[in-house]
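Please look through the sequence and the structure shown here. The report below goes through selected strands, helices and residues.

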Amino acid sequence: MTAVGPGRSVTVLVANPSSDIYGSDLQMLESITAMVERGWKVVVATPDDGPLVALIEERGAEVLRVDCAVVRREYASPSGLWRLVRESFSSLRNLLRVLRTLRPTLVYANTITIPWWFVAARLCRIPVVCHVHEAEAEDPLPVRLVLYGPLLLAHRLIVISRPSMETVCATVPRLRRRATMIFNGVREPTEPPRPAVAGPGPRRLVVLGRLSPRKGTDVALEAVALLRRSGRDVTLDVCGSTFPGYEWFEEQLRRRAAESDLDGAVDFSGYISPIWPAIERAEVSVAPSLREPFGNAVVEAQLAQRPVVAAAAMGHLETVIDGETGLLVTPGDAQATADAIARLLDDGELAARIAETARRTAEERFSLTRYRREVADLLAAVMELPAGGSDGRSA
C-alpha cells in the first residue's frame, strides 16, 4: 500500500449492498460520521434508491448508484455457484469503471456480501477494509467458505464480536492476523431514560427486530402465550418488519397471534424509528434471536433502562451478563423465556437493578464516541495517514 502524501485529500468509497435499513446500515451511518469528522470525502455506492439514501446524505456523504451482485447463502450449491460466477463478471466490470473514475484512497465494504469490491480494489491497487457484520457458526462449512473465503482479498477486517471473530477465523485461519474487533456503537435515547413503572392494566413487553425465523419472534409469542395461560395479563409489542422473502413468516405470526390464548395481546407495529417510545412503553424487552452476531436491539433496550431477557446466542453473550445486565435463556426455549420474564415482572427490585447496571455498562462499552474513534483510527492506519487520521486540509 502507498501512504497518502502530505496535503492530499482523502476520499473513501463506502460499498453497501442495498439502500434498505438494517442493523449493519445503521453502523455504516456512524462510520460515515467518523470519516466526515476527520475531514475525508465519503462516497457511498449502493445499487438502489431506498430509505437509507436520505440518511446517508444527512451525514454529509454523496450517494453513487452502482449495480453489484450480492452473495447470499442460497448460492452455496452447484447451480447457485454457477449463477454467482455469471453475475460476478458483470459486477466486476461496473466496479472497475467506478474505481478508475473516482480513484478513492480507500474502499470500505460494509458487509461480506459484496466481495467483488475486494477484487476490483485489489486490481486498482486501492486498499480495502471489510466490516464483517454477519458471521454465524451454525452455517455449514461450504456456506462459510463461500462467505468468508473472499475476505482474504481485504487488507483489514472489522469484526463486531468475539463469537463472530472466532467463526470467521476458524473457517479461514489466515484471516486472524488482519481482523480487528470493534464493538458496535449504539445511539442513546434523545431524552434521559426513565425507569419502568408497572401501572394499571396489562404488563407490557416489547421485542425489537426484523421478522424472520432466525430472529425468534415466534419464541417470544409462545412465551407470552405461556404467561397468559398461567393467568398473567401481559401484552407484546412486535416492532419490526419482514426480511424480503419472509412475508410468509409474518403471516404465520399473525395467525398465531389471532388464536385464543393470544387474541388481542400482540401488536404488530412494523418498523419504528425512533424506537425509544416503543421501548419506554414496555417493562421488559425480549431478545429471542437464535443467531445474532451482535444485537443492537439489546443495547438499545439497555440504554433505555429496560431489563432484557435474551437468548444466550452469539453476540448476546457480549452484551448481556446473566443476572447483572440482563437474563440469558436457552435459545428457542419459550418456557425458559416466559420464566425469566415472570421473574423480572415479579421482582421489581431485581428488574430495576439489572436495568440500571445495564444502562451504565452500555454507555461505557457501546458508545458512539468510542466506535467512531476506533473505526476512523483503523481506516487511517490502513491509509497510512499521520497520527489523528486527518487528511491535512484545514477545517
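## Strand β11

Strand β11 covers residues 284-287. Val284 and Val286 point one way from this strand, while Ser285 and Ala287 point the other way. In a regular strand the side chains alternate between the two faces of the sheet. In β11, all of these residues are buried. The model described here is a predicted one.

β11 has parallel pairing with two strands. With strand β8 (residues 203-208) β11 forms 3 bridges, and Val206 stands opposite Ser285 of β11. With strand β12 (residues 308-311) β11 also pairs over 3 bridges in the parallel sense. There, Ala287 has Ala310 in β12 as its bridge partner.

## The sheet of 6 strands

β11 belongs to an open sheet of 6 strands, whose order is β10-β9-β8-β11-β12-β13 and whose pairing is parallel. Which strands stand at the edges of this sheet? They are β10 (266-270) and β13 (327-329). Each has a single partner strand, so one side of each is left without a neighbour in the sheet. On average, neighbouring strands of this sheet are turned by 25° against each other, with direction ignored.

Within the sheet, β8 also runs parallel to strand β9 (residues 234-239), and 6 bridges join the two. In this pair, Arg204 stands opposite Thr235 of β9. Helix α12 packs on the sheet and touches β8, β9, β11, β12 and β13. The direction of α12 makes about 165° with that of β13.

## Helices α12 and α13

Helix α12 spans residues 334-346, and helix α13 spans residues 348-365. Their axes come within 5 Å and cross at roughly 100°. Because angles of 65 to 115 degrees count as roughly perpendicular, α12 is roughly perpendicular to α13. On the α12 side the contact is made by Arg343, Leu344 and Asp346. On the α13 side it is made by Gly348, Leu350, Ala351 and Ile354. By class, the contact of α12 with α13 has 4 nonpolar, 1 polar and 2 charged residues.

## Helices α7 and α8

Two packed helices are described by the angle between their axes and the distance between the axes. For α7 and helix α8 (residues 247-257), the angle is about 5° and the axes are 10 Å apart. The two helices are therefore roughly parallel to each other. In α7, the residues of the contact are Thr217, Asp218, Leu221, Glu222, Ala225 and Arg229. They meet Phe249, Leu253, Arg256 and Ala257 in α8. The residues of this contact divide into 5 nonpolar, 1 polar and 4 charged.

Thr217 lies in α7, which covers residues 217-229. Is Thr217 buried or exposed? Its relative accessibility is 3%, so Thr217 counts as buried. Leaving aside neighbours within four places in sequence, Thr217 is in contact with Val207, Arg210, Leu211, Ser212, Val238, Phe249, Leu253 and Pro288.

## The sheet of 7 strands

Another open sheet is formed by 7 strands in the order β3-β2-β1-β4-β5-β6-β7, with parallel pairing. β3 (62-65) and β7 (179-181) stand at its edges. Each of these has a single partner strand, so one side of each is left without a neighbour in the sheet. Neighbouring strands are turned by 25° against each other on average, direction ignored. Strand β1 (residues 11-15) and strand β4 (residues 106-110) pair in the parallel sense over 4 bridges. The bridge partner of Ala15 in β4 is Ala109.

Helix α6 (residues 162-171) lies across β5 (128-132), β6 (156-159) and β7. The helix runs at about 165° to β7. Which residues of α6 are buried? They are Ser164, Met165, Thr167, Val168, Cys169 and Thr171. These buried residues pack against β5, α5 (141-148), β6 and β7.

## Asn94 in helix α3

Asn94 is placed in helix α3, residues 78-102. At 17% relative accessibility, Asn94 counts as buried, because the cut-off for buried is under 20%. Apart from neighbours within four places in sequence, Asn94 is in contact with Val66 and Asp67. The side chain of Asn94 reaches the backbone oxygen of Asp67 at 3.4 Å.

Asn94 and Trp116 are 22 residues apart along the chain. Their C-alpha atoms are separated by 9.8 Å.

Key: Residues numbered from 1 in each chain as written. Predicted model: local features only at pLDDT ≥ 70, side-chain atom pairs only at ≥ 80, totals over all residues. Heavy atoms only, no water. Buried < 20%, exposed > 50% of the residue type's maximum accessible area, 1.4 Å probe, protein only. Contact = heavy atoms within 4.5 Å. Polar contact = N/O pair within 3.5 Å; in protein donor to acceptor, adjacent residues only side chain to side chain. Axes fitted to C-alpha atoms, helices over the stretch in contact; angles between N-to-C directions. Parallel < 35°, antiparallel > 145°, perpendicular 65-115°, else oblique. Nonpolar A, V, L, I, M, F, W, Y, C, P; charged D, E, K, R; others polar. Pairing = 2+ DSSP bridges.
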